[in-house]
Amino acid sequence: MKPHKQIKDWGLGLTSPLIIAGPCSAETPEQIEQICKEMKEENMVPQLFRAGIWKPRTRPGSFEGVGEEGLKWMEIVRHNLNIPITTEVGNAAHVELALKHKVDVLWIGARTTVNPFAVQEIAEALRGVDIPVMIKNPMNPDLELWVGALERMYAVGIDKLAAIHRGFSDAYDKRFRNKPNWSMPIHLKRVWTGMEVINDPSHIVGRRDGLQEVAQRAMNFGLDGLMIETHHDPDKAWSDAKQQITPARLKEMIDSIDFKEPLETMGPDEKLQDLRRAVDHLDDQLLDILQERFAVIDQIGAHKREHHLTVFQSNRWKEVMESRTQKGVSKHLSEKFMKELLYCIHEESVKRQEKQLREAEPIKK
């Protein structure tokens, strides 16, 4: 990936960890005024103020945002808090209006990220414009879509980029509104070096309890900031009332979070270096053992080919899964980890054996 400008270089006076706060939706000028007032009173002024102007809703008839009028109200934030503002854009018309009202940072929502046509439309509307853009992960855990949306912005000259981790749809996990799937933001950071990821615990949890726990986990994983929906009267909010908190609660929450120092800025000490070298050595041994194991698997594949046996044998697979999982748990490895590890090894084993059978089959003319 080509180098992009990080948050500290956006020219807005922002630092890491970046704290973004504000209501789910701009509702009235009085609402914006009161939120700003309470933020000042609580000494909890965020670095960046967020508010939704256009709200993509699942079904028609729900509150879909106040539209352009709300952009005028955001001047209250500039006047009262003297901080930059950000809002979500979902199409070229939104971009035009946001730029007209001098919105400092734009973000693209999860429902838009899933649609490359919509993302490209926004990118074309921003061609040649110098403005930071943050992109939320798509609704489903598709890393390529997330990276692709960032690439579309970069391709038209937007080099002030960040990502927002807001979780992923999962009909089976009732603990979260959107399952965090922590591996996804970590993978994004691996494939795009230097990409900063802001965590959105409000949309992950979907309710007030649990926000702090998710926010702390985000900091533990090395994410680069928090976006937290904040309202002066959350219970009466016009959208997403259950997940918004007051400025006073926001202050308590931020004060209690243990913000970790990223190793990139500190550099590992001598002890950590020694431990990493030990891990490197153990990884080399693991790879050697895997190489030996798959060499034996290849011999098993050759034997099955010679004796016309099927690749998959359910009884053997069940026995291996149960016995190895039990052994792993007895060595303080989690059952979930053991099953995932064994599935990966088994899948590779089946592929290698199946390849041997294919290569041995006569070509039909």
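Me: What makes α7 and α8 oblique to each other?

Reply: In this predicted model, the axes of helix α7 (residues 143-155) and helix α8 (residues 183-191) cross at roughly 50° and come within 10 Å. Axes are lines fitted to C-alpha atoms, for helices over the stretch in contact, with angles from 0 to 180 degrees between N-to-C directions. Angles under 35 degrees count as roughly parallel, over 145 as roughly antiparallel, 65 to 115 as roughly perpendicular, and the rest as oblique. The pair α7 and α8 is therefore oblique.

Me: Which residues in α7 and α8 meet?

Reply: Contact means heavy atoms within 4.5 Å. Leu-143, Trp-146, Val-147 and Leu-150 in α7 meet Met-184, Pro-185, His-187, Leu-188 and Val-191 in α8. By class, this contact of α7 with α8 has eight nonpolar residues, one polar and no charged. Here Ala, Val, Leu, Ile, Met, Phe, Trp, Tyr, Cys and Pro count as nonpolar, Asp, Glu, Lys and Arg as charged, and the others, Gly among them, as polar.

Me: What does the second largest pocket hold, and which residues lie nearest its centre?

Reply: About 570 Å³ of space lies in the second largest pocket. Of its 16 lining residues, Leu-286, Ile-289, Leu-290, Leu-341 and Ile-345 lie nearest the centre. On a 1 Å grid over the protein atoms alone, a pocket is an open set of points where a 1.4 Å probe fits, with protein on both sides within 12 Å along at least five of seven lines, and lining residues have an atom within 4 Å of a point. Helix α15 gives the largest share of this lining, six residues. By class, the lining of the second largest pocket has eleven nonpolar, one polar and four charged residues.

Me: How should I read the numbering and the values?

Reply: Residues are numbered from 1 along each chain as its sequence is written, and side-chain values use heavy atoms, leaving out hydrogens and water. Local features need pLDDT of at least 70, side-chain atom pairs count only at pLDDT 80 or more, and totals for chains, interfaces and linings use all residues.

Note on methods:
Helix = DSSP H or I, 4+ residues; strand = E, 2+ residues; numbered from the N terminus. Points joined across faces, edges and corners; volume = space filled by probe spheres on them.
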